[in-house]
Amino acid sequence: GCIALLGADGQAFDLYRLTGEEGLLPLNSKIPVDGTAIGTALRENRVVLTNDAKKSPYLDQEMLAKSGLNSMMCMGLMVQSKPFGTLNVGTFELNAFSENDRNLLVQIASLMTSSLENLNLLAEAELKAERERRVRAITDKIRQRGSRDGILQTAREEIAQLLRAKKTAVQLGDQDSLLRRLKPNPPVAEDSLLENQPSQGD
């Protein structure tokens, strides 16, 4: 079996072989979404079952039929309601898969997507907790400063590090003065330029 993961551009899949010891093994192959069984399975979030690949209208199954595979199933994988990839199985036998096999593949795919969603939620929770910890640490550092300049300097340095910003700045002033600094200079009219130029007789 193999798993096809949707690429970042959303136009093609990267194929990986499922192995017991090595996990996902890259097959260095790209399969387009359009005109393929795996693309149809993902877009329609269903099992595409083919028991005679030589008669299949899909490009990927036509290609696999040339290598001897005859029966294939692929199931779309949606993680947090977003397209993720497909789970694919195949065999050299004709008419190898039944409706029971289809249902089993659906159950396995559901288990996979549920586990992947849990992993994503766990990673998001860990990231949120880490950010909150860092914000608390920044707050503690700022409170320890005894001067206005020290507070501003610490805030600028810590925020730059937290947000991975190359440049940070603190602007002081009331609302009107800050807005004036942000407002671009108005273009100078042509007649104003002429008025400011000395005449040839001067």
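Trainee: Why does arginine 133 count as partly exposed?

Mentor: In this predicted model, the relative accessibility of arginine 133 is 42%. Buried requires under 20% and exposed over 50%, so arginine 133, at 42%, counts as partly exposed.

Trainee: What makes arginine 133 and glutamate 130 a salt bridge?

Mentor: Their closest N and O atoms are 2.7 Å apart. The cut-off is within 4 Å, so the pair qualifies. Glutamate 130 has a relative accessible area of 35%, and is partly exposed. In general, an α-helix has 3.6 residues a turn, so residues three or four places apart point the same way.

Trainee: How do you know that aspartate 52 and lysine 55 form a salt bridge?

Mentor: Here the closest N and O atoms are 3.9 Å apart, and the limit is within 4 Å; therefore the pair counts. Lysine 55, at 70% relative accessibility, is exposed.

Trainee: Which parts does the salt bridge between aspartate 14 and lysine 30 tie together?

Mentor: The side chains of aspartate 14 and lysine 30 meet at 2.6 Å, N to O. Aspartate 14 belongs to strand β2 and lysine 30 to strand β3, so the bridge links parts 16 residues apart in sequence. Aspartate 14 is partly exposed at 22%, whereas lysine 30 is exposed at 58%. The count for the structure comes to 8 salt bridges.

Trainee: What makes α1 mostly covered?

Mentor: In α1, 6 of its 8 residues are buried, namely Ala37, Ile38, Gly39, Thr40, Ala41 and Leu42. Threonine 36 caps the N-terminal end of α1, with a side-chain oxygen 3.1 Å from the backbone nitrogen of glycine 39. Just after α1, asparagine 45 takes a positive phi of about 50°.

Trainee: What lines the largest pocket?

Mentor: The lining has 20 residues, and Cys2, Leu15, Leu64, Leu69 and Asn88 lie nearest the centre. By class, 13 are nonpolar, 5 polar and 2 charged. The element that gives the most is α2, with 4 residues. The space in this pocket is about 430 Å³.

How values were computed:
Residues numbered from 1 in each chain as written. Predicted model: local features only at pLDDT ≥ 70, side-chain atom pairs only at ≥ 80, totals over all residues. Heavy atoms only, no water. 1 Å grid on protein atoms, 1.4 Å probe; cavity = no way out; pocket = protein on both sides within 12 Å on 5 of 7 lines; lining within 4 Å. Points joined across faces, edges and corners; volume = space filled by probe spheres on them. Helix = DSSP H or I, 4+ residues; strand = E, 2+ residues; numbered from the N terminus. Nonpolar A, V, L, I, M, F, W, Y, C, P; charged D, E, K, R; others polar. Buried < 20%, exposed > 50% of the residue type's maximum accessible area, 1.4 Å probe, protein only. Polar contact = N/O pair within 3.5 Å; in protein donor to acceptor, adjacent residues only side chain to side chain.
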